[in-house]
Amino acid sequence: MPGKAYGVYSVLLTLRFFSQLLHDLPLTAMLSFLAEKDGKKMEVDLGLFLKETRYGVTDTRLVFAECKSFKDEFQKSDLDKMKLLADMFPGAIIVFATLRKDLTAREKKLLTPFVNKGRRSWKTEQPYNPVLILTATELLSDWGPPHCWEDAGGSHKTFANQYKNFWRELIPLCDITQQMYLGLKPWSDWIREKWEKKKKAKSIIPINNPET
């Protein structure tokens, strides 16, 4: 049906990103499935189990994706659904994928608090729920990062140079796309600032003024 398949394209292109452009390791995918929690049903566009090998150690990653076509924007209902999945599955990677080249100001405002919450430390060198943002730059390219960013030029090229040190690693990929599309600080800087604030707060000793 004309105009009725655009949502399918974004889901399939997101699957293609992981299966062909980023990873050459086995993955298991489930498309457009229903999940239920406490009697609440939610439709998830894409779920993945995939393997990532770092320094000779292989981990299985769980990924949930919310996918939008050219005209659709991410809504609060989409965010609420992904929040529930994040709470149920600590460590899962949450993906927001769109066929547009950038997020709107409203979307950035909507997503930023959720992304920052997912940046909390969970395990050693692991955020609680890393968020990956994919746009037309990644999804419609013939090549995955960093090559698609080099082809895009501009500020994307700067991030391409950063990612060359983390070939195919998912956590750095999440971190870079958060900087690229939301304007956030690098995850390491964000964590350090949080730690310094806690350290400073603990070092402050309250002094009670004697009554006169």
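Helices are DSSP runs of at least four residues, numbered from the N terminus. By that count, helix α1 covers residues 6-22. This is a predicted model. The protein chain holds eight helices and seven strands. The points below go from the whole chain to single residues.

**The whole chain**

- The protein chain has 212 residues, and buried residues make up 45% of them.
- Along its principal axes, the C-alpha trace spans about 85 × 45 × 35 Å.
- The accessible surface of the chain comes to about 12,400 Å². Carbon and sulfur atoms account for 55% of that surface.
- Take the contacts with a separation of 6 or more: 60% of them join residues 24 or more positions apart.

**A nonpolar patch**

- Which residues make the nonpolar surface patch? They are V8, Y9, L12 and L31, and the patch is about 350 Å².
- Helix α1 gives the most to this patch, with three residues.
- L31 lies in strand β1, residues 27-37. L31 has a relative accessible area of 37%, so it is partly exposed.

- S32 counts as partly exposed because its relative accessibility is 43%.

**Salt bridges**

- Side chains of opposite charge can pair when their charged atoms come close.
- The count for this model comes to nine salt bridges.
- K81 and E66 form one of them, at 2.8 Å from N to O. K81 is in helix α2 (residues 76-88) and E66 is in strand β3 (residues 57-68), so the pair ties together parts 15 residues apart in sequence.
- Are these two partners buried or exposed? K81 is buried at 15% relative accessibility, and E66 is buried at 3%.
- K68 and D78 form another salt bridge, at 3.0 Å from N to O. This pair links distant parts of the chain, with K68 in strand β3 and D78 in helix α2, ten residues apart.
- K68 is buried, with a relative accessible area of 12%. D78 is buried too, at 7%.
- K76 pairs with D80, and their closest N and O atoms are 2.9 Å apart. Both lie in helix α2, four residues apart, about one turn of the helix.
- K76 is exposed at 53% relative accessible area. D80 is partly exposed at 34%.
- Salt bridges that share partners join E66, K68, D78 and K81 into one network.

**Cysteines without a disulfide**

- A disulfide is a covalent bond between the sulfur atoms of two cysteines.
- How many disulfides does the model have? The count comes to zero.
- C148 is in no disulfide, and the nearest cysteine sulfur, that of C174, is 14 Å away. C174 is likewise in no disulfide.
- C148 is buried, with a relative accessible area of 3%. C174 is also buried, at 1%.

**Helix α7**

- Helix α7 runs over residues 170-182 and has 13 residues.
- From its first C-alpha to its last, α7 reaches 17 Å. That is close to the 18 Å expected at 1.5 Å a residue.
- Why is α7 described as largely enclosed by the rest of the structure? Because 13 of its 13 residues are buried.
- G183 follows α7, and its phi is positive, near 75°.

- K101 sits in the loop between β4 (93-98) and α3 (105-118). With a relative accessible area of 65%, K101 is exposed.
- Leaving out residues up to four places away in sequence, K101 touches T135, A136 and Y181.
- K101 and V131 are 30 residues apart along the chain, and their C-alpha atoms are separated by 17 Å.
- T137 lies in helix α4, residues 136-139. T137 is buried, at 15% relative accessible area.
- Beyond four places in sequence, T137 touches C148, W149, A152, H156 and Y181.
- The peptide bond from P145 to P146 is cis, with omega near 5°. P146 is in the loop between α4 and α5 (147-152).

Key
Residues are numbered from 1 along each chain as its sequence is written. This is a predicted model: local features need pLDDT of at least 70, side-chain atom pairs count only at pLDDT 80 or more; totals for chains, interfaces and linings use all residues. Side-chain values use heavy atoms; hydrogens and water are left out. A disulfide is a pair of cysteine sulfur atoms within 2.5 Å. Buried means under 20% relative accessible area, exposed over 50%, partly exposed in between (1.4 Å probe, protein chains only). Patches are made of residues with over 30% relative accessible area and no salt bridge: like charges are joined within 9 Å, nonpolar side chains (Val, Leu, Ile, Met, Phe, Trp, Tyr) within 5 Å. Accessible areas come from the Shrake-Rupley method with a 1.4 Å probe; for residues, only the protein chains shown count as cover. A salt bridge is a side-chain nitrogen of Lys or Arg within 4 Å of a carboxyl oxygen of Asp or Glu. Helices (H or I, at least four residues) and strands (E, at least two) are DSSP runs, numbered from the N terminus. The expected span of a helix is 1.5 Å times one less than its number of residues. Contact means heavy atoms within 4.5 Å.
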